[in-house]
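Colleague: I have the model open and want a quick tour. Can we begin with a charged pair?

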Amino acid sequence: MSNNRRFFIMVGALLLLISVFLGGCSSSKQSSNKQLAIGIVLPTKDEPRWIQDETRFQDALKDTPYAAEILFSQGDPAKEKANVETLLSKGIKVLVLCPHDANAAAASAEAAKKAGVKVISYDRLILNTDAVDYYVTFDSIQVGQQQGQYLVNHATGKGNPLYLYAGALSDNNSFLFFQGAWEVLQPKIADGTFVIANSDKAVALKDKKNLSREEMASIIGQITTNWDFNTAKNLAQANLAKASKNLKGNVYILAPNDGTARSIADTFAADPDITKYVITGQDAEKPSIQYIIDGKQSMTVFKDVRILVKDAINVALTYLKNGTPEATKTYNNGVKDVPSKPSPVQVVDKSNVKKVLIDSGYYKESDFTWPK
Ligand code: BGC
């Protein structure tokens, strides 16, 4: 290489370094210039679902004039409360809170209200307090309906074993998901298409379409996964150990979300007396999309987190401008009808996974292993 060429390469590399350095400085300065106005508290980093929310928030917040801080509570209401207090002490004006425990979170909402901070309940409703200003959510009853309908659509004949699983009793969504699923499944249980395999409380209520909250709680208490993979696996194992042979073979499984669906699916797949299963899910978590591609999970309910995040930011910005966010519906949280504008959800299975999640740019094709 000639000396001249070497010189130009060195100058070029130096210029590149300087521009990267300056670029880095200006963007970090820009973000530090933004005023911290929005505090976001998410339930746990242990589930891909909430990492999705964190990533999408980070993407969307770049375009707002305000800074935000995101903290995780790791499934611990005390940590959640401490997170809220930290954000309040930093002077936030709007709190976006996804509660781990709907009732315990009321104290955090009240502390925020006392500090003059607006409270947006994010994805999960905070219960039994008037300190919630708005509820940003998907249509969670529709989530359950789509799960139930998928099982109904894939069942033929009578006497099909049906295994029911639900989320945590401390999460109001668990009730909404179960309510939606039950509305669709109950007539098909009553007419003998399905036989409930793992809940005598559900069997006792099989002729009742509209269940009270207490009735739902009694069923959910028997079939709860607590949104925990291990609890889900242990419960599925216990259910299978108890089930007679006529409750095995070709079975149907209502699993409340993707994380628990993967645990439950693996457990059923390992039972030699299970010949085939149809299992639901929700969240379109990447590991479950791979399970769907591989035929190990039947479906998921896709909740486009970009929409939820955009809704939350829009509501926050409206409050920061002293406006009133648009609402199409209210959700009663025990003491208040909380305004909301729920977003629709969509079934994804093997037949449309590419179209809905890859062609739309939600995920990259290279994130998954596809059949050759
Ligand atoms: C959310 C689901 C999530 C579950 C467990 C629910 O409240 O709506 O998307 O899978 O919690 O974290």
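Colleague: Which residue does D283 form a salt bridge with?

Modeller: D283 pairs with R49, and their closest N and O atoms are 4.0 Å apart. A salt bridge here is a side-chain nitrogen of Lys or Arg within 4 Å of a carboxyl oxygen of Asp or Glu. Keep in mind that this is a predicted model: local features need pLDDT of at least 70, side-chain atom pairs count only at pLDDT 80 or more, and totals for chains, interfaces and linings use all residues. Residues are numbered from 1 along each chain as its sequence is written, and side-chain values use heavy atoms, with hydrogens and water left out.

Colleague: What network of salt bridges is R49 linked in?

Modeller: R49 is linked with D53, D123 and D283. The R49 and D53 side chains meet at 2.8 Å, N to O. Both sit in helix α2, four residues apart, about one turn of the helix. Helices (H or I, at least four residues) and strands (E, at least two) are DSSP runs, numbered from the N terminus.

Colleague: Are R49 and D53 buried or exposed?

Modeller: R49 is buried, and D53 is too. Buried means under 20% relative accessible area, exposed over 50%, and partly exposed in between (1.4 Å probe, protein chains only).

Colleague: Step back a bit. How is the chain divided into domains?

Modeller: Domain 1 covers 25–138 + 305–341, and domain 2 covers 140–302 + 347–367. Those bounds come from an automatic or database domain assignment. Taken over C-alpha atoms, the domain centres are 29 Å apart. Domain 1 gives 19 residues to the contact, and domain 2 gives 19 residues. Contact means heavy atoms within 4.5 Å.

Colleague: How much area do domain 1 and domain 2 bury between them?

Modeller: About 1,400 Å², with 41% of it on carbon and sulfur atoms. Buried area is the accessible area (1.4 Å probe) that two parts lose on being put together, summed over both.

Colleague: How many salt bridges are there between domain 1 and domain 2?

Modeller: Two. There are also 11 residue pairs in polar contact across the interface, both residues at pLDDT 80 or more. On the side of domain 1 that touches domain 2, α2 (48–61) and α12 (305–320) are the elements that give two or more residues.

Colleague: New topic. Where is T44 found?

Modeller: In the loop between β1 (35–42) and α2. T44 is buried, with a relative accessible area of 9%. A polar atom of its side chain lies 2.9 Å from the backbone nitrogen of D46. Beyond neighbours within four places in sequence, T44 is in contact with W50, F72, Q74 and G75.

Colleague: What about V315, buried or exposed?

Modeller: Buried, at 6% relative accessible area. V315 lies in helix α12. Leaving out neighbours within four places in sequence, V315 is in contact with I120, Y134, V136 and P325.

Colleague: Back to charges. How many salt bridges are in the whole structure?

Modeller: The search finds 20. One of them joins K158 and D191, at 3.9 Å, N to O. K158 is in the loop between α5 (140–153) and β6 (160–164), and D191 is in the loop between α6 (172–190) and β7 (194–196), so the pair ties together parts that are 33 residues apart in sequence. K158 is exposed at 59% relative accessibility, whereas D191 is partly exposed at 34%.

Colleague: Which residue does K208 meet in a salt bridge?

Modeller: E215, at 2.8 Å, N to O. K208 is partly exposed at 34% relative accessibility, while E215 is buried at 19%.

Colleague: Last one. How many helices and strands does the chain have?

Modeller: The chain has 13 helices and 13 strands. Its C-alpha trace spans about 80 × 65 × 35 Å along the principal axes. Of its 372 residues, 51% count as buried.

Key. Polar contact = N/O pair within 3.5 Å; in protein donor to acceptor, adjacent residues only side chain to side chain.
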